[in-house]
Each structure stands twice: as structure tokens, then as C-alpha cells.
Amino acid sequence: MTSTAAHSRSLRSRPGLAALALAAATALLAGCSSSDDTSDPLAEKTADDGTVVVGSNNFAESILIADIYGEALKAKGVKVSYKPNIGSRETTYGLLKNGSITVLPEYNGSLLAYLDPKAEQKTAEAVNATAKSKLDSKLTLLNSAPAEDKDSVSINAETAKKYSLTSQSTLADLKDIAPQLAIGGSPEFQTRQQGLLGLQSVYGLKFKSFKALDAGGPLTQAALTKNTVQAADIFTTDPTIVKEKFVVLQDPKNLFGFANVTPLVYKSGLSQDGVAALNAVSAKLDTKSLLEMDSQVQLENKDPLDVAQAWLKSAGLS
């Protein structure tokens, strides 16, 4: 199936996150977080002293993951500078190609959809292999993390309790329940394969009704919280999941594609020790951990650098 979901919305432009990302980036650039480089993030200057330049796109989660990557590299003695909050994939991909940045947090299925919108996405391994084959020759992908930030069907706590559904429940478990539930999401969710069409064709789900809201943003979150809808399209690392105790249903047939957090790197700018350090991060970073860290940054207003360092320590990577 072709992934046209969360990350092909160039690039994670969720309602509400732009302001959060801007605030985080302002803090970073002000010197109270990870950014050692207060110059223009768009400046096309390749580090010539062995410094690994870690960039991030313009949303809060990307800034957080960039801090994780950078601090993991520092722990292995790699010299690091940061270029946070650069912009969308269209900008960062060009800066990677010319070596202005060395490392960038990416999402494998979304990157492939950018490189080839028609490419099939059947397994995470196949997605990575195809994406690598389509990358500029100076770039490569390292190992993907289990952590994913993608569309999901989530239900509110009231509905989960009523039907005895847990985080281990799957979309298939909704087959007999769906006719009693209203589901919400963006208007496009109603007509997409990675939406109601696929939920019916892949899982046999026919919902009582559909309510057009927004793309996993405040309207959808509020409707699910207030039980206006009982199920909704929510991103898997959205901090609202923690705050409102939503239950994310498992998608064993990968209807919603793949969005594994994956380092995209400028090959000649990263040593084997650096590669090993980032692959070690990927081996430990799961969706639950990323959701918890996103919640700390976006709900509790913690500095992403502090959150990154604490997680690295807990994972034995600092």
C-alpha cells in the first residue's frame, strides 16, 4: 500500500505543534537548550573540523529526537553542533545532500512517500530498502527504531472501559462494536484507503457515523475527550493520549503504513562510532518512550535537552 498518511502531510504540520516547535526552537537558539549553533539554520556551510551537525525539522518531536541523537553522539566523544527547527523535508533534504547537516531524524515511510509517492510499503524492512535505493548517493538511512509516529484509530477511556478494550486490543476487535460507535477525523479520512475505506476493506469495520473534524488536532482531540465521537484518528505519539487516557488500537495488518523513527545521514560526515551510537538509540527507542518524552516536552514544558539526556541515561546510552 502507498503511505499517504501522517507524514506525507509535509512535514507533520499538526495544528498546535507549530507554536510549540517555535517556542522550543526559540529556547534552543537562546542558549538554554541543546543548540550550540546560533547561526542561520539555513546557512549552507559544511562543518570542516569533524563536527557532526544534527538538524531537525520544524516541529517539537523532531527537535526532541535531534537532541537524543546529538547527546548520544557526544557520549561517544563525537563533536556535535545543532541546527534546530530548520523547516520542512523539502528544505532539510537539500541541506543533507550538500553536507550542511550530517544527521536528521526522519520517518521511514514518510521519507519514501516523499522520494516516490507511488512506492508500495508492505514491510518496514522493504520500506527502508526501497528508500535507500532512491536516496541521493551521498545519503543513507541507519537502523529504524520501533518508535512510530503515525495515524491510529484511538478510543476514549469511557469506550475502552465499556467494551473491555486495552492497548493490546487490535482494530479487528472493533468489528462487532463499530456499528455502535461514531468515529472522527479529517474530512479526507472518510475517503482514504488509510481511513474509513481501508478500515472497512481490511478489517471489516462499519461505523455508526463519521464526524469531519481535523487531522488529529484539537477538534478531534476534544470530540474524543467529550465522547462526541468514541473513536478517532489520533497520532500515536500525541501527548493527548497520555493526558486523556486514550487507548490506541493495534494495527497488525499495517493499514496505516510505516513511520518508524530513522536517522538519515550524510555518509561521509559520520564515523563508524557515530553510526553505532545512533543505531544503539534506534534499538532502544520505542513508541511508548517517545510518547512519554513528547508529553514531558509538550504538556509539562520541560526542556527537550533535559528530557533527551534523562532518557539516554535510563537507556544506558549516556
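This passage describes the packing of helix α2 against helices α11 and α12 in a predicted model.

Two packed helices are described by the angle between their axes and the distance separating those axes. For helix α2 (residues 60-75) and helix α11 (residues 287-298), the axes lie 10 Å apart and the packing angle is about 110 degrees. Angles of 65 to 115 degrees count as roughly perpendicular, and α2 and α11 are therefore roughly perpendicular to each other. The crossing of α2 past α11 is right-handed. On the α2 side, the contact is formed by A60, E61, L64, I65 and I68; α11 contributes L290, M293, D294, V297 and Q298. Sorted by class, the residues of the contact between α2 and α11 comprise seven nonpolar, one polar and two charged.

Helix α2 also packs with helix α12 (residues 304-314), the two axes coming within 8 Å and crossing at roughly 50 degrees. This angle makes α2 oblique to α12. Here, too, α2 passes its partner, α12, in a right-handed crossing. The contact involves I63, L64, D67, I68, E71 and A72 of α2, together with P304, L305, V307, A308, Q309, W311 and L312 of α12. Ten nonpolar, one polar and two charged residues make up the contact of α2 with α12.

Residues L64 and I68 of α2 take part in the contact with α11 and also in the contact with α12. Among the charged residues, E61 of α2 and D294 of α11 belong to the α2 and α11 contact, whereas D67 and E71 of α2 belong to the contact with α12.

How values were computed: Residues are numbered from 1 along each chain as its sequence is written. This is a predicted model: local features need pLDDT of at least 70, side-chain atom pairs count only at pLDDT 80 or more; totals for chains, interfaces and linings use all residues. Side-chain values use heavy atoms; hydrogens and water are left out. Axes are lines fitted to C-alpha atoms, for helices over the stretch in contact, and angles run from 0 to 180 degrees between N-to-C directions. Helices (H or I, at least four residues) and strands (E, at least two) are DSSP runs, numbered from the N terminus. Angles under 35 degrees count as roughly parallel, over 145 as roughly antiparallel, 65 to 115 as roughly perpendicular and the rest as oblique. A crossing is left-handed if the near helix is turned anticlockwise from the far one by less than a right angle, and right-handed if clockwise. Contact means heavy atoms within 4.5 Å.
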